[in-house]
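This report considers confidence, packing, salt bridges and surface features in turn. The sequence and structure are shown first.

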Amino acid sequence: MVALAVAMGLGRFAFTPMLPVMLGEGQIDLQAGGVLASLNYLGYFLGALSSAWLRAPARTLVRAGLVATAALLVGMGLLNGFAAWATLRTAAGLASAWVFVFASGWGARRLAEAHAPGLGGVIYAGPGLGIAVTGFLGGPAGRWGASVAWCVYGVLALALIALVWRVFDDGREAAPAAAAASTRPAPAAEGGGAEAAWLVGLYGVAGFGYIITATFLPVIARQALPGSTWPDLFWPLFGLAVVPGVLIGGRAPQHWDNRLLLAGGYVMQALGVLLSVAWPTITGFAIGSVLLGLPFTAVTLFAVREARRLRGNAAAGLIGYATASYGLGQIVGPLFAAPVAHRWGSFAPALWVAAAALLVGAVLFVVVWRRSASNRRGR
C-alpha cells in the first residue's frame, strides 16, 4: 500500500495539485501542462508494456522504481525548463508502472501465502492515500513555490520508502505450491474472443473519461470558484474516496457480472465529471470528486477479474492489452482537453465529451453482457 502511495499518489499524481502553482508562477502554460501530463502517462504506458519482459526480481524492480520516483520528484524542483521537466515526467511514469505492476504482484503473493487474498483491496487503496497526501500539501505548495514543493514531495517519498524498504527483502520470488493453488483462477470461458476485444476497447474509454478531471481538477475548480480556498480540497477528497471504493469493490461477490460492475463504475464517474460542469459550486465539486474517486481503482479490479474469467490462467496477455488501452486513453485525454480549454476559455466542452464517452462505454458493456447472456441461452 505504501509503495503504491509513493509511486502512484506522489510519482504520478503530484503533478495535479502542482499544475496550478506552476501556471501561477508562469513556468508553463496550460497546453504545456497538458503535454507534460500526457508524457507521464506515456511513460506509464511504456513501463506497463516493458513489465512483460523484465526478468529481474520483483523486490529489485520495486526498490529501483521507488528510489527513481523520489529522485525524479526532487529533480522537478532542482531543474528548470520544459525539456528537463518532460524527461523527468516521462521517466516518473515509467518508474511508477514498474512499482505498480511488481509491488502488486509481490503483495498478492504474500497475501496468498498468508491465506488472506481478500485483503488485496488494501494494497490498491495506496494510490488514493497518496493522492490525498499530495492534495493536502497542494495548498501550502502555493505559498512555498513550485521548486520547494517538488523537493518536499521527493523528501516525503524518501521517508515513506525508508518505512517499507526492508519489507521487500524477503528473499523469495515464487509462491509456494499451496499458496499458488489457493489463488488459481477459474478455467477460461468458452469462446470470448469478441468479448475480450470489447473489454480492451471499452477499458480504454475509462482511461480517457476520468483523466481530464484527474489532471486538471484544481485548475477547473479555481476557474469556477475564484478566490475560494475550497479548490485545493477537492483533489484530496478524490483520493480519500478511492479508499472505500476499492475496499468495497474488492468484496464484490464473484458471481456478480464484471461487465455490469464496470458499467456502474463508468456511470458513477460520468456523473462526477458532469457535476463539475452542470453544478460548478462547492457542493457540486465535492460530490463530483467523490463520485469520480469511488470507482477509480475498483474498475481496475473488475477489468482484471473479467480478463481472468475470459482467459483463465492465460489472462496475463489480455490484462496487458487492456492496460495498454487504458494508458492510451490517459495519454489522449490531456492532449485533447488543454487545446480545447485554450480555444474556448473553459474545460466544459472537453468534460462533456469525457462524460459522454463514459456513458457510451457503460451502455456498450450492458449490450455486450445482454448479447453474451442471449448466446448462452441459445445454446
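**Conventions and confidence**

This is a predicted model, in which local features need pLDDT of at least 70 and side-chain atom pairs count only at pLDDT 80 or more, while totals for chains, interfaces and linings use all residues. Residues are numbered from 1 along each chain as its sequence is written, and side-chain values use heavy atoms, with hydrogens and water left out.

The average pLDDT (the predictor's confidence in each residue, from 0 to 100) is 88, and 93% of the residues score at least 70. Residues 174-186 have a pLDDT below 50, and beyond near neighbours in sequence this stretch makes 18 contacts in the model. A contact here means heavy atoms within 4.5 Å.

The largest nonpolar core comprises 113 residues. Such a core is a set of buried Ala, Val, Leu, Ile, Met, Phe, Trp, Tyr and Cys residues joined through side-chain atoms within 4.5 Å. Buried means under 20% relative accessible area, exposed means over 50%, and partly exposed lies in between (1.4 Å probe, protein chains only). The residues with the most contacts inside the core are Trp150, Ile212, Phe216, Tyr266 and Phe347. Helix α10 (residues 193-224) contributes the largest share of this core, with 15 residues. Helices (H or I, at least four residues) are DSSP runs, numbered from the N terminus.

Which residues does Tyr266 touch, not counting residues up to four places away in sequence? The list consists of Leu202, Tyr203, Val205, Ala206, Val299, Leu358, Gly361, Ala362 and Phe365.

Ser325, located in helix α15 (residues 316-344), is buried, with a relative accessible area of 14%. With residues up to four places away in sequence not counted, Ser325 touches Val200, Gly201, Tyr203 and Gly204.

Ala307 belongs to helix α14 (residues 298-311) and is buried, at a relative accessible area of 1%. Residues up to four places away in sequence aside, Ala307 touches Leu199, Gly312, Ala315, Leu318 and Ile319. Ala307 and Gly320 are 13 residues apart along the chain, and their C-alpha atoms are separated by 9.9 Å.

**Salt bridges**

The structure holds seven salt bridges, each defined as a side-chain nitrogen of Lys or Arg within 4 Å of a carboxyl oxygen of Asp or Glu. Glu195, Asp257, Arg259, Glu306 and Arg309 are linked in a network of these bridges.

| Pair | N to O distance |
|---|---|
| Arg259 and Asp257 | 2.7 Å |
| Glu306 and Arg259 | 3.8 Å |
| Glu306 and Arg309 | 2.8 Å |

Because Glu306 lies in helix α14 and Arg259 in helix α12 (residues 258-278), their pair ties together parts that are 47 residues apart in sequence. Glu306 counts as buried at 2% relative accessibility, and Arg259 likewise counts as buried at 2%. Asp257, the partner of Arg259, is also buried. Glu306 and Arg309 both lie in helix α14, three residues apart, about one turn of the helix. Arg309 counts as partly exposed, at 27% relative accessibility.

**Surface features**

In soluble globular proteins, nonpolar side chains tend to be buried together. On the surface of this model, however, Met1, Leu119, Val122, Leu129, Phe136, Trp230, Leu233, Leu240, Leu247 and Ile282 form a nonpolar patch, with about 810 Å² of accessible area together. Patches are made of residues with over 30% relative accessible area and no salt bridge; like charges are joined within 9 Å, and nonpolar side chains (Val, Leu, Ile, Met, Phe, Trp, Tyr) within 5 Å. Accessible areas come from the Shrake-Rupley method with a 1.4 Å probe, and for residues only the protein chains shown count as cover.

Helices α7 (126-144) and α11 (231-249) each supply at least two residues of the nonpolar patch, and the largest share, three residues, comes from α11. Leu233 lies in helix α11 and is partly exposed, with a relative accessible area of 38%.

His115 occupies the loop between α5 (82-113) and α6 (120-123). Is His115 buried or exposed? His115 is exposed, with a relative accessible area of 63%. Although not a glycine, His115 has a positive phi of about 55°.
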